[in-house]
Every structure is written in C-alpha cells, then in structure tokens.
Amino acid sequence: MSEPQARPKAQIIAGKVIAPQTIDKVKAARETLEAETGVKPGLAVVIVGEDPASQVYVRNKGLKAEECGFHSETHRLPEATSEAELLALITRLNADPKIHGILAQLPLPKHISEKAVIAAIDPDKDVDGLSPINVGRLVSGLADEALVSCTPAGCLVMAKSVTPDLSGLNAVVVGRSNIVGKPVAHLLLAENCTVTIAHSRTRDLPSVCRSADILVAAVGRAKMIKGDWVKPGATVIDVGINRIPAPEKGEGKTRLVGDVDFDEAAEVAGAITPVPGGVGLMTIAMLMANTVIAASRKAGRPEIGAGILKG
Ligand SMILES: NC(=O)C1=CN([C@@H]2O[C@H](COP(=O)(O)OP(=O)(O)OC[C@H]3O[C@@H](n4cnc5c(N)ncnc54)[C@H](OP(=O)(O)O)[C@@H]3O)[C@@H](O)[C@H]2O)C=CC1
Ligand SMILES: Nc1nc(=O)c2c([nH]1)NC[C@@H]1CN(c3ccc(C(=O)N[C@@H](CCC(=O)O)C(=O)O)cc3)C=[N+]21
Ligand SMILES: [Mg+2]
C-alpha cells in the first residue's frame, strides 16, 4: 500500500465542475434563442501567427463553440499579416450578420497595434470585453449593456461559488493588465469588496496579500505567491498559466502551474482554484456565455442571454 496522500485543507474550486454548469446554461439559452427567433449564435476567433499555446487555446474555443451549437469560424492568419489586413477582416466580421462575437487572440505580432485592433471590433460583438466602450460600461456600472472580459467574469463566478455575498470583503488583485487585473478589480468593486490592486511596484507584496479575504493572482510568474502570503481561510483565485520544466515527466517535458504555490496555499486557504483545471476552463465557458448574450441582444431578446449569469 502507498502512503496516504496528505489532503489539502482548502476546498478546491474545480473548473471541471463549475464550467460545465455555465456551459449547460449556454446550451439551454442557445436552444431558446434559436427556437424563438431563428438566430444561431456565431463566434469568430482570429489568430495571427503560430504561437503554439495560442493555437491550443483557439482550437479549444472553436471546439467548445461547436459543442454549444454555435456557428463557429476560426480565421488563422500568417505572422506577416499587416495591421491593415487584420483591420479589414475585423470590418468584414463586424458587418457579417452570422457573427455575434469576435475575439482577436492576444498577443498579436509586434508590428500590429493591439489597441487599434481591439478598438475596431464592434463593441456589441466584443465578446472579450476589451474595447474602450465595454471597459467604460463596466466601470460606470452599465452591466446590462456591457460585455465583460471572460477571465475576470469567470473569476467572479468561481469566487461567488464559495461566498455568494462578497460585500465588505477585502479583495487583493495582483496584476493590473487590461485583460485580467483591472477588469477583475472593477467586478469585485461592483460586488462591494474593498479592492486593492497590486503590481510590480507594490511594496511588501506578501503583507498586502495577507490582508485579502479574496486573493486574485494574475501575474504570470510561476508559484510566486507562497503559503504564508495567504490569510487563513481566504479564497484564492489563481489566473496564472505558466509552463515550467517537468523533468519528472521525462526529458524536455513541461507542466502548467499557476502564479500561486498551490501545495503551500492549499494548506492555509479556505478555497482555491487549481491550475490546470481552474480559471482557464471558466474563461472558455464565459466566452460562450458572452456569445449567446451578444446574439440575444442582437435578436431583441436580451433576457435570454442575461439569464445565464443570473443563478
Ligand atoms: N486562465 C486564463 O484564462 C488566463 C490566464 N492568463 C494568465 O494570467 C497571467 C497574467 O496575465 P496578464 O494579465 O495578461 O499578464 P501581464 O503580463 O499583462 O500583466 C502581469 C501583471 O503582473 C504584474 N507583475 C509582474 N511581476 C510582478 C511582481 N513580481 N510582483 C507583483 N506584480 C507583478 C505586472 O505589473 P506591472 O503592471 O507593474 O508591470 C502586471 O500588472 C499569465 O500567467 C497569463 O498566462 C491570462 C489571461 C487568461
Ligand atoms: N483575446 C484574448 N482573450 C483571451 O481570453 C485570451 C487571450 N486573448 N490570450 C491568451 C489568454 C489565455 N487564455 C486561456 C484560455 C483558456 C485556458 C484553458 O483552457 N486552460 C485549461 C487547459 C490549459 C492547457 O492544458 O494548456 C486549464 O487551465 O485547465 C487557458 C488560458 C485566454 N486568453
Ligand atoms: Mg499581456
């Protein structure tokens, strides 16, 4: 017999369990929308270049869209694509009535301005929630019109699965990117958390993290957040996706880890998301949700999509 595994104290917030619940609601909303309006949600994912991680994510998004019964298009463009060519594709997709959601996979090649591409996407098709209009809607509380960035929205679903009422809790977000850190901080603020945004210039990050009832890590540094940075009983949401060498799996092999030292943090936290199997799975589910939401609004039946995010 093998040694009994020490079981972590924290509850594991499993993307494998929560994401399918969202996907089931997406499928039901898609059926209602199609039955009542004849509209089939359509998602277009655009990828430029050959980055292998991006290729995997984009393939997964396309497969999930098909599983949800959407019209799904993946536009794979060569690395040498010019900004003007990419903008022309976005303009076509903006005008295409089959398409309700457009996602330009980031990062884009250096010679293309991400800001220009994101700003070119019709805000009502911007299922990534990154366009200036959607960021403005998020910040000013226009939830009924906004499309909210998928990873942050997924983080909130995961945190609320443990603590449905986040009101008054101290939330610390480590990272201030436009795609994760800033929008997740705004979502937490909208839930009445007291929010701190930490970043590379933050002094004494461990003690800032220790003040958090809800700790969101979106840094991009493998296992940076240690067990003794975590307040006992806190909810830890680990957004990081970092590939590190895994010689134990064989020469040249790698594995995924988060920004949190999971083994340490799981001894202290009340609840924690794993990597893989955590926020990443929720991100894809929220992308599908945003696509039905966008299609429902376009069809004049916003309540069909809105139901996905309510209980
Ligand atoms: N699971 C999912 O669905 C997704 C996962 N990710 C993953 O999440 C992670 C973050 O992504 P993203 O937000 O795009 O990353 P960015 O690189 O855009 O931002 C990283 C942030 O972390 C901060 N930071 C860097 N080093 C430190 C440090 N030593 N101490 C404190 N803060 C630091 C930076 O601060 P400063 O601003 O001062 O430079 C910056 O604000 C990555 O691992 C990425 O792969 C991203 C998107 C989706
Ligand atoms: N415009 C844009 N929107 C994004 O939302 C976006 C992006 N660009 N660029 C890259 C990041 C990263 N991202 C992930 C999505 C899913 C997983 C995911 O499914 N992860 C699984 C499996 C990971 C694996 O095995 O490789 C897991 O964590 O279990 C991870 C990361 C979305 N991003
Ligand atoms: Mg980035």
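Leaving aside neighbours within four places in sequence, which residues is Val173 in contact with? Val173 is in contact with Gly181, Val184, Ala185, Val195, Ile197, Ala198, Val216 and Ala218, where two residues are in contact if their C-beta atoms, placed from the backbone, lie within 7 Å.

## Basis of the model

This is a predicted model, in which local features need pLDDT of at least 70 and side-chain atom pairs count only at pLDDT 80 or more, while totals for chains, interfaces and linings use all residues. Residues are numbered from 1 along each chain as its sequence is written, and chains are lettered from A and ligands numbered from 1 in the order in which they are written.

## Domains and their contact

The protein chain is divided into domain 1 (39-131) and domain 2 (150-280), with bounds that come from an automatic or database domain assignment. Taken over C-alpha atoms, the centres of domain 1 and domain 2 are separated by 27 Å. Contact between them involves 4 residues of domain 1 and 4 residues of domain 2. The side of domain 1 that touches domain 2 has 2 nonpolar, 1 polar and 1 charged residues; in this classification Ala, Val, Leu, Ile, Met, Phe, Trp, Tyr, Cys and Pro count as nonpolar, Asp, Glu, Lys and Arg as charged, and the others, Gly among them, as polar.

## The nonpolar core

The largest nonpolar core has 96 residues, and those with the most contacts inside it are Val173, Ile214, Leu215, Val216, Ala265 and Ala269. Its largest share, 13 residues, comes from H10, and the core draws at least three residues from each of domain 1 (39-131) and domain 2 (150-280). Such a core is a set of buried Ala, Val, Leu, Ile, Met, Phe, Trp, Tyr and Cys residues joined through C-beta atoms within 7 Å. A residue is buried if 20 or more other C-beta atoms lie within 10 Å of its own, exposed if 12 or fewer, and partly exposed in between, with C-beta atoms placed from the backbone.

Ile118 is found in helix H4 (residues 114-120), where helices (H or I, at least four residues) and strands (E, at least two) are DSSP runs numbered from the N terminus. Ile118 counts as buried because it has 22 C-beta neighbours inside 10 Å. Not counting residues up to four places away in sequence, Ile118 touches Ala104, Leu130 and Ser131.

## The parallel sheet

An open sheet of 6 strands runs in the order E1-E11-E8-E7-E5-E6, with parallel pairing. Strand E1 (11-12) and strand E6 (194-198) are the edge strands, each pairing on one side only; two strands pair if DSSP finds at least two bridges between them. E1 and strand E11 (residues 271-272) pair in the parallel sense over 2 bridges, and Ile272 in E11 is the bridge partner of Ile12.

## Surroundings of the two ligands

Ligand 1 is surrounded by 25 residues, the closest being Gly175, Ser177, Ser200, Gly220 and Thr283; a residue is near a molecule or strand if its C-beta atom, placed from the backbone, lies within 6 Å of it. This shell divides into 10 nonpolar, 12 polar and 3 charged residues, and its largest share, 3 residues, comes from helix H10 (residues 279-298).

Ligand 2 is surrounded by 20 residues, the closest being Leu106, Pro276, Gly277, Gly280 and Thr283. Two or more residues come from each of helix H2 (52-67), strand E4 (101-104), helix H6 (150-162) and H10, with H10 giving the largest share, 4 residues. By class the shell around ligand 2 has 12 nonpolar, 7 polar and 1 charged residues, and it draws at least three residues from each of domain 1 (39-131) and domain 2 (150-280).

## Backbone features in loops

The peptide bond from Leu106 to Pro107 is cis, with omega near -5 degrees, and Pro107 lies in the loop between E4 and H4. The peptide bond from Val275 to Pro276 is also cis, with omega near -5 degrees, and Pro276 lies in the loop between E11 and H10.

Asn192, although not a glycine, has a positive phi of about 70 degrees; Asn192 lies in the loop between helix H7 (181-190) and E6, and is partly exposed because 13 other C-beta atoms lie within 10 Å. Asp204, likewise not a glycine, has a positive phi of about 50 degrees. Asp204 lies in the loop between E6 and helix H8 (205-210), and is exposed, with 9 other C-beta atoms within 10 Å.
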